[in-house]
Amino acid sequence: MSSSTVITNIATLVTNDPSLGDRSPLGLIQDAAVVIDGDRIAWTGESRKAPATDNRVDAGGRAVLPGFVDSHSHLVFAGDRTQEFNARMSGRSYTAGGIRTTVAATRAASDAELEANLTRYLTEALRQGTTTFETKSGYGLTVEDEARALRIAARHTDEVTFLGAHIVSPEHTDDPAAYVALVTGEMLDACAPHARWIDVFCEKGAFDGDQARAILTAGRDRGLHPRVHANQLSYGPGVQLAVELDAASADHCTHLTDADVDALVHSDTVATLLPGAEFSTRAEWPDARRLLDAGVTVALSTDCNPGSSFTSSVPFCVALAVRDMRMTPDEAVWSATAGGAAALRRTDIGRLAPGARADLLLLDAPSHVHLAYRPGVPLVAGVWRRGVREI
C-alpha cells in the first residue's frame, strides 16, 4: 500500500495549472500545501486546508516547484573538450576536431565507462532539481556505437533520441549520401527499438533540408517521433521542416525569419531554447521575447554536452534566459518545467496538480524568482521524484 505525505507551510507553490491559485500560467498558491499519494499528486491548496496524511514535511516557508524537465541533452559520451573551450574563451584558433574529438573518445570507451559518465551527470542534474531528462546518441556514428549509446540511455530514461544524424561520420566525409543511406537503413534498424525520438542537426556543414527530411521521415516510418536541431548557426530550413513533420520541438531557434516564427505559432512544435550553448560559445542569443510575444510555446533546456554547453544546471539556464534572452522569471520557470514537458509531449510532468506525477523540488528561498535573482547559488534543498524524496 502507498503512503501519503503532505508538504505544508509552503511560501509559494508553483503548480503550472492556471485553474489553481492566482490563475496565472504558473497557478501560484501562497501559504500552500501539496499532498503526495504514492507516485502522484493528490491535492494542492492552502496550507490550512490540507487533509490528514500518513507523513508530514514542513517546507519552512520555502517555495515548491515542479521538477525541471530537461528536454535536450547529449549525455552518452566520453572525454571532454577543455582545450577547445579554453582556446575559444581566450580568442585563439583551435582545430582539434570539435564533435569528432568526442566521437573518437566515445568509440574508444567501454559500455561501463559510458554508463558511469552518464550516471555522474544525471546525479549532478538531480541535485539541481531535474527530475525528467531527454538524452541523445550522436557521438558514435557507427551502427554498433549508436545502438549501444541508446541501450545505455534507455536504462535511465524513457526519453531517448536517436541522433545518428549529428554530423556525417568521419568515414563518410567524402560521401555524405552514403552516410544518409546508412542512417536511414541499417543504423535505424539497429537503433529504433531503443528510442522514442529521432533527431537531426539541420545546418550548414551537417545535413541540409532534403537530407534531414529523408532521415526524419524514415524514422517516423519506424515509429520514432521527430525532433530537430534547427536554425542554430544560420538561417535555414530546420524550423519549417520541424513544423512540416509535426516535430515535438525545434531546438536552438537562434536565426529565425518572420515566416519561421509564424510557422511555430500555428503548430504544436515547441521552440526549445538552449542558453548554455550561447553562453559557452559567445554566440548570438535567441530572441525569446519575440517568440513569446508571438504566442510560440517555449521550452528551456541545458543542451548538456562536452563541446558547446557543458552544464547540467537548469537553474543556471533559467538565470541566463532572464538576464540575456529577455524572459521574465515566471516565463523562464514555466519554460523549464511545463515547457519542457510540452517539448516531450508529456502531460503527466511539469505541473503539480491532482493526477500529475509527484516530481517536485523544494527551494531554499520563498519564491521561484530567486532562481534568477540569486544566480549560481545552490538553492535546491529537496527533490522528490515519483513521490520518493531523493535529495
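This briefing covers helix packing, nonpolar cores and selected residues of the structure above.

The model is predicted: local features need pLDDT of at least 70, side-chain atom pairs count only at pLDDT 80 or more, and totals for chains, interfaces and linings use all residues. Residues are numbered from 1 along each chain as its sequence is written, and side-chain values use heavy atoms, with hydrogens and water left out. Helices (H or I, at least four residues) and strands (E, at least two) are DSSP runs numbered from the N terminus.

**Packing of α5 and α6**

- Helix α5 (residues 176–191) and helix α6 (residues 209–221) have axes that come within 10 Å and cross at roughly 10°. This makes α5 roughly parallel to α6; angles under 35 degrees count as roughly parallel, over 145 as roughly antiparallel, 65 to 115 as roughly perpendicular and the rest as oblique.
- The axes are lines fitted to C-alpha atoms, for helices over the stretch in contact, with angles from 0 to 180 degrees between N-to-C directions.
- On the α5 side, Pro176, Val180, Val183, Thr184 and Leu188 meet Gln211, Ala214, Ile215, Ala218 and Gly219 of α6. Contact means heavy atoms within 4.5 Å.
- By class, the contact of α5 with α6 has seven nonpolar, three polar and no charged residues. Here Ala, Val, Leu, Ile, Met, Phe, Trp, Tyr, Cys and Pro count as nonpolar, Asp, Glu, Lys and Arg as charged, and the others, Gly among them, as polar.

**Nonpolar cores**

- The largest nonpolar core has 87 residues, and those with the most contacts inside it are Phe162, Phe207, Leu291, Leu300 and Leu363. Its largest share, seven residues, comes from α5.
- A second, separate core of 17 residues includes Leu13, Val64, Ala358 and Trp384.
- A nonpolar core is a set of buried Ala, Val, Leu, Ile, Met, Phe, Trp, Tyr and Cys residues joined through side-chain atoms within 4.5 Å. Buried means under 20% relative accessible area, exposed over 50%, and partly exposed in between (1.4 Å probe, protein chains only).
- Not counting residues up to four places away in sequence, phenylalanine 162 touches residues including Val183, Met187, Leu188, Ala195 and Leu224.

**The buried side of α8**

- Asp260, Val261, Ala263 and Leu264 are buried in helix α8 (residues 258–265). They lie on the same side of α8 because they cover an arc of only 160° around the axis, the arc being that of the directions from the helix axis to the C-beta atoms.
- The partners of these buried residues are α7 (238–244), β13 (270–273) and α10 (288–294).

- Isoleucine 152 is in helix α4 (residues 143–154) and, at 1% relative accessibility, counts as buried. Leaving aside neighbours within four places in sequence, isoleucine 152 is in contact with Asp111, Leu114, Glu115 and Leu118.
- Alanine 195 sits in the loop between α5 and β9 (197–202) and is buried, with a relative accessible area of 17%. Residues up to four places away in sequence aside, alanine 195 touches Leu150, Val160, Phe162 and Leu224.
- Alanine 195 and aspartate 158 are 37 residues apart along the chain, and their C-alpha atoms are separated by 8.0 Å.

**Positive phi in non-glycine residues**

- Asparagine 231 is not a glycine but has a positive phi of about 55°. Asparagine 231 is in the loop between β11 (228–230) and α7 and is buried at a relative accessible area of 1%.
- Aspartate 246, also not a glycine, has a positive phi of about 55°. Aspartate 246 lies in the loop between α7 and β12 (249–252) and counts as partly exposed at 31% relative accessibility.
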